[in-house]
Amino acid sequence: MGRPDLSRRHLLAAAGGLTVAASFGFAALGTGADALASGADTRVRYWNLFSGGDGANMIAMLDAFRKAHPDIDVKDSTLQWGNPFYTKLAMAAAGNRAPDLGVMHMGRVTGFSPGRLLDPWDVDLLAKYGVREEDYNPALWKRGVIDGKLYALPLDIHVQLCFYRKDVLGKAGLLGDDGRMIPVTSTDEWFDVLKKARAVQKKGLQTIGLWTNDQNFQWWFFVAFYTQLGGKWFNADNTEVLFDPDKATRVLEFLRRHVTDGYVVPGAPTGEQFINGAPFTWEGNWSVPVFSGAKLDYGATPLPPVFGRPATHAESHAFVLPHQAGRGGATNEGAHELAAYVVTHALQWAAGGHIPAYTPTLSTAAYKKLTPQNEYAGAMDHQATEPKVWFAGSTGVLAQDLGPVVVSSTMGSAKPDKVAQTMKSHLTKLLASKNPMDGRTAAQGGAVA
C-alpha cells in the first residue's frame, strides 16, 4: 500500500533526471501506419503518462469516447512517468514524429519551448466542442497561456491533502458538528491538534505521515506553506530573486518540529500507518482510491492554513499539442474533440481523487456525492504553485535541486536558517541558467501570461 505509483517515482530518482532508459521505441508506440479501426475516418495518436488507477480511469474515458465517436480512431500509448516521458515527447516533436495529442504537467509547459515543441490550441475549435475559458478557474487557465496563446488545456488539479481518520479524531474531540476535522488557523492550533490526537491513538504508530525523507513531498509541502506566508520567488520579469529567507526559515522550522516533537517516525511507511490507525497523513489526492479501497472512515482537507492564508500545493495534468510541421485538418480537429470530451466528462477522473478543472463538473449532483472529494474541492481556489519558469514543474530541475535541501532541514542534518540561505543561492543560480530546450534563461523566455 502507501503512495500510489511510488515505484515509478523512485525509479525516476534512480534514473537520474533526464536519463532515458533504453531506446526511444517509436515503432513500438505506433506511427499511424497500421489500419484505421473499422468505420473510422480519422486517427488521433495520443501519448499519456498515466498508470495505475489513473491509467484505468483514462482507458475507461477513452473507451467511452470511442463508443460515442466511431468515426475517430484513438490510438493511445502510455509511456514511463516523469522525465523519460518528457524527453521522448521533446524528441518526437523536434523530429516531426510527434503524436497528435499529449499530456503534460502544467508546471512543465513553460520549459517545453512553446511555439517550437508545442503548438497552440485553437480556442474557437475548443469552444465548438464545449470548452471555454469561462468554464475554468481563471488562475488555472492563465497558467497554460504563454505569449497570449493557450498551450495547455487543464484536465485537473491534483493537490496535497491532510488525510485524517474520523474514528481517532472523534475520540480526541477534534471533529465538528458536520463530522469533519475542526478548522486550524495557526501553528499553535495545529500542534495542539496533534497532541490531542496522539493521546488517543494506537500505540506504536506515528501521529502523522509527512514523507520526511522524500524530496518531492518535502518540496511540495514547502511550496504550500511558503505560499501561505505570501512568499515570492522572482520579480515579474524573472530578473531578480525575491525569495524571503526569513519566511522560508519559518516554514522549515514548522516542518522540522513534527520530527523533534515526536509526531513523525522518519522513514515510516505513511500510507500503511494511516490504514493501520495513525490519525493523520499528508498525501496527494491520488491516495483517495487507496484509502477508500481500505474502507476507512476518513476525511481529507487541503493542507491546514497554519500561517493564516489558505494555500495547498497544486499541480495539473493538461492536454497539449506536440509540434507537428503540418498540423491541421481532420486529425487536428479530432485531437481538439478528444481533449474537449475528456475534459467535459471528467467525473470518472474525479473518482481517482483529482479535482476536475472543468468547473461545471463540480456543481453536478454526482460530483457533490463523492467523498472525500467534495470536502477538498475548494482547493481549486487556493492553489500554491511553483513559479512560472522553465526549470519548475513536476520532477523538474527546481524540485530536484531544492527538494533534497528541504529534506536536510526536516531530517535535522542542517539548520533551517542555513538551509533557507542555501535555497536562495540555488534560486539565484537557476534564474541565470539556460533552458536546454532553447538555450534561453527564464528572463529571455518570454513566458508571460
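Val159 has Ala314 as its bridge partner in strand 12. The model described here is predicted. Strand 12 covers residues 312–315 and is joined to strand 8 by two bridges, the two strands running antiparallel.

Strand 8 spans residues 156–165, and ten of its ten residues are buried, so the strand is largely enclosed by the rest of the structure. In a regular strand, side chains alternate between the two faces of the sheet. In strand 8, Asp156, His158, Gln160, Cys162 and Tyr164 point one way. Ile157, Val159, Leu161, Phe163 and Arg165 point the other way. Residues of both sets are buried.

Strand 14 (residues 355–356) pairs with strand 8 over two bridges, in the antiparallel sense. Ile355 of strand 14 is the bridge partner of Ile157.

Arg143 lies in helix 6, which covers residues 138–143. With a relative accessibility of 16%, Arg143 falls under the 20% limit and therefore counts as buried. Leaving aside residues up to four places away in sequence, Arg143 touches Met106, Gly107, Ala314, Glu315, Ser316, Thr385 and Lys388. Thr364 is 221 residues from Arg143 along the chain, and their C-alpha atoms are separated by 25 Å.

Helix packing was examined next, with helix 10 as the reference. Helix 10 (residues 245–260) packs against helix 18 (residues 416–432) at an angle of about 130 degrees, and their axes are 8 Å apart. That angle makes helix 10 oblique to helix 18. The crossing is right-handed. Helix 10 contributes Pro245, Ala248, Thr249, Leu252 and Glu253 to the contact. Helix 18 contributes Pro416, Asp417, Val419, Ala420, Gln421, Met423 and Lys424. By class, the residues of this contact divide into seven nonpolar, two polar and three charged.

Helix 10 also meets helix 9 (residues 215–228). The two axes come within 10 Å and cross at roughly 125 degrees. Helix 9 is therefore oblique to helix 10. This crossing is right-handed. On the helix 9 side, the contact is made by Gln218, Phe221, Phe222, Phe225 and Tyr226. On the helix 10 side, Lys247, Ala248, Val251, Leu252, Phe254 and Leu255 take part. The contact of helix 9 with helix 10 has nine nonpolar residues, one polar residue and one charged residue. Ala248 and Leu252 of helix 10 are in contact with helix 18 and with helix 9.

Ser409 touches residues from this region. Ser409 is found in helix 17 (residues 397–410). Its relative accessible area is 1%, which places Ser409 among the buried residues. Not counting residues up to four places away in sequence, Ser409 touches Leu252, Arg256, Ala414, Pro416 and Val419. Of these, Leu252 belongs to the helix 10 side of the contact with helix 18, and Pro416 and Val419 belong to the helix 18 side.

Technical notes: Residues are numbered from 1 along each chain as its sequence is written. This is a predicted model: local features need pLDDT of at least 70, side-chain atom pairs count only at pLDDT 80 or more; totals for chains, interfaces and linings use all residues. Side-chain values use heavy atoms; hydrogens and water are left out. Axes are lines fitted to C-alpha atoms, for helices over the stretch in contact, and angles run from 0 to 180 degrees between N-to-C directions. Helices (H or I, at least four residues) and strands (E, at least two) are DSSP runs, numbered from the N terminus. Angles under 35 degrees count as roughly parallel, over 145 as roughly antiparallel, 65 to 115 as roughly perpendicular and the rest as oblique. A crossing is left-handed if the near helix is turned anticlockwise from the far one by less than a right angle, and right-handed if clockwise. Contact means heavy atoms within 4.5 Å. Ala, Val, Leu, Ile, Met, Phe, Trp, Tyr, Cys and Pro count as nonpolar, Asp, Glu, Lys and Arg as charged, and the others, Gly among them, as polar. Buried means under 20% relative accessible area, exposed over 50%, partly exposed in between (1.4 Å probe, protein chains only). Two strands pair if DSSP finds at least two bridges between them.
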